[in-house]
Amino acid sequence: MKRVLFVSLLFLSGLTLRADVVKSLADFQAAADKANEVLVIPDWPKTPLEVQGEIDSAIAKGNAALDAIAKQDLSKVSFESTAVALDNLQNDAQTAVQKVVVVQQTNKEAAMRDAAEKAIKVFQDWAVGIDYREDVYKAVKAFADTTPKLQGEDALLLEHTMRDYRRAGLALPPNERSVVEKLRKELAKLETDFEANIVAVKAPVVFTKAELEGVPDSILGSPGVKTGDDSYTILANVTFHYNTVEETAKKEETRKHLEQVRFNLARDKNVPVLNDILVHRNQIALKLGYKSWDDFQTEIKMAKNGAAARTFIHDLVAGIQPKFDAELAELRQLKIAETKDPNAKINIWDWRYYQTELKKEKYTVDTEALRVYFPFQHVLDGMFDIYQSIFGLKFTKIIAPYKWIDDLQLYMVTDAASGQPLGMFYLDMFPRDGKFNHFAEFGIISGKLLPDGKYQRPTVALICNFPPPQKDKPSLLSHQDVETLFHEFGHALHAIVTTAKYVRFSGTSVPADFVEAPSQMLQNWVWDKKVLDTFAADYRDPSKKIPAEMISKMKEAKLATVGVYYRRQFAFADIDLTLHDVHPEGQPYDSVAMSNPIFTKDFLPVGSDTAFVAFFGHLAGYDAGYYGYAWADSIAADMATVFEGAPNGFLDKAAGMKLRKEIYAPGGSRDIDISIHNFLGRDRSIQPYLKTLGIETPAKAKGGPSSESNAGAAKPPGKP
Ligand SMILES: [Zn+2]
């Protein structure tokens, strides 16, 4: 029904529907054979028993493969029988678990999702143990000890495999290794506690209506907030509650009180846990031969060491100072005007409120009104047209033999010039109960040269939650939704057009401080009028394009607050790096005393009676990694200049093909700095990033050091 109505609406409004010629996998098999490829649609588990069976057999197969590596005659080991054998086993295991992850995130049946969740836990426990199979390590080491003459991706595979073992402590004498193992287990437990304490904390704060003057009815009327005749319960732990009150409450006392509660969340429980986590991390790093935990964490990233990450962030803090000062001065004027206090200052509980006021006063953009320009199907088709054109690809809808949801779509990607099949992507685009509730690209099958010499082409899924179509109108995206779609689809292409031989380097298996950069770069596309005009049009009257002034207003609004936004981000990164910097072994940590002064120095003063680090979830999982957001941002801005300087801007085919060839195709199979350098045609520069931050004059900031070899962090299940 919905579909028919949607079609007729489009017809009535004069838009033309594309004639989708739906093909099947068989239509591509001849071309795949010719290209010596393995091209298969994933074989999905369809019952809870099959889900469990998928993982059970993956583990059994994995164990058999590990045993085979371990059982070899150590005098006859080869590259294929060691490092490649491990990559083969990773390929099989990864395909199994990634299918189960997609089941867990998307299946309509709770029993399927539960079975998947259980199976994933079983798999993870098994996977952790692989590193500690000493018999396997001995075989790989026996081969490495022959100092083989390997080239390129092969050399990198062996190097990274040995590096993993070293990082797990396998290169240490047995007694020291067991200490590291013990510390790591304790650390994992502490990190779980830290996260659990953050999730568990609840901090209701009761206000009167008068105290909440300015706060919109949408929140005051939302479930659980109005708790008495004149009492409203705001949860300081719910980010949406906290942000809304801080953005809109006219009374400074209200904002201040809520901020104090927020900045003390989980304090009693998590401060000691965090201090203990830091002791453990420092001990592990020192035992493994690193100067600090941030050196350990950044070794496998572009930054390579903690000092490089720190210099990068400190230079940015300094570089953005004038812009930050100017923004604060403007916010202060608003506060002076409102409070009539000539000495008014912008406090940590003020900036959100006066930024909101500033936007209302100077940069009013009705973002809701923009939705009419972005009917889902037209945005999708428009994005397909652009990406097919600039990357030399063709997308063809094919029949999905199994669908976990009716409106699931499956597409084949082929090389436009040769017709060679490159891979497939699923689209699961609308929300429903029990489904993953963000937007992400999930790998399913990875690119990989198989032992029989055939190349396994990848399959991925885009799992999103765009507004569903309504009875009387199609799904209409916000501008931010459109930006998200362009971003996530970039990850899909990165995975699909890969040419890497090994799973650990294929597609998006690149250093964690780089992986977001290409997709962040693609976000620029939706801020470009020329790009938008290729597809964005009022669905009720397609002759109406987005008014240019709306785009420029939105850009101005973004630029007007970027100094405050980033100084806060840099403060987080600075604190994260400082907590993980060099520290005497065994010495206790005082994470609050270490972090509060940095927040005060880099952003705005926080009281010594607050401890926001206790609620800073990134410290478990992204530890010594927060800088990576800015690092990737800076590379994204730098890479965008290749398109900006090209004859056809963001629609330039030569620039697009260069991105495909130099960034997407090699993935992590070579030093990422070489890929970036080849794409840019010059050394990296931080200037384009500073420009996006509103800093026009050259600052002393640099783009971090250039580097030697690096790649291949463990692949996360999905890339947000
Ligand atoms: Zn992303």
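Which residues have the most contacts inside the largest nonpolar core? Colleagues, I shall come to that after a word on the model. This is a predicted model, in which local features need pLDDT of at least 70 and side-chain atom pairs count only at pLDDT 80 or more, while totals for chains, interfaces and linings use all residues. Residues are numbered from 1 along each chain as its sequence is written, and side-chain values use heavy atoms, with hydrogens and water left out.

The residues in question are Phe-374 and Tyr-387, and the core to which they belong has 168 residues. By nonpolar core I mean a set of buried Ala, Val, Leu, Ile, Met, Phe, Trp, Tyr and Cys residues joined through side-chain atoms within 4.5 Å; buried stands for under 20% relative accessible area, exposed for over 50%, and partly exposed for what lies in between, with a 1.4 Å probe and protein chains only. Helix α24 (residues 627-644) supplies the largest share of this core, eleven residues. Helices here are DSSP runs of H or I with at least four residues, numbered from the N terminus. A second, separate core has 66 residues, among them Val-136, Ala-400, Trp-404 and Tyr-502.

Beyond its neighbours within four places in sequence, Tyr-387 is in contact (heavy atoms within 4.5 Å) with Gly-392, Phe-395, Phe-486, Phe-489, Gly-490, Leu-493 and Leu-522.

Helix α6 (residues 134-144) packs against helix α7 (residues 152-168) at an angle of about 135°, the axes being 11 Å apart. Axes are lines fitted to C-alpha atoms over the stretch in contact, and angles run from 0 to 180 degrees between N-to-C directions. From α6, Val-136, Tyr-137, Val-140, Lys-141, Phe-143 and Ala-144 meet Leu-158, Thr-161, Met-162 and Tyr-165 of α7.

Let me turn to two individual residues. Ser-591, in helix α23 (residues 591-602), counts as buried at 0% relative accessibility. Setting aside residues up to four places away in sequence, Ser-591 touches Val-271, Leu-274, Asn-275, Leu-278, Leu-579 and Val-613. Between Ser-591 and Leu-659 there are 68 residues in sequence and 42 Å in space, C-alpha to C-alpha.

Pro-542 lies in the loop between α20 (529-532) and α21 (548-560). With a relative accessible area of 24%, Pro-542 is partly exposed. Its C-alpha atom is separated by 9.9 Å from that of Val-372, 170 residues apart along the chain.

Note on methods
Helices (H or I, at least four residues) and strands (E, at least two) are DSSP runs, numbered from the N terminus.
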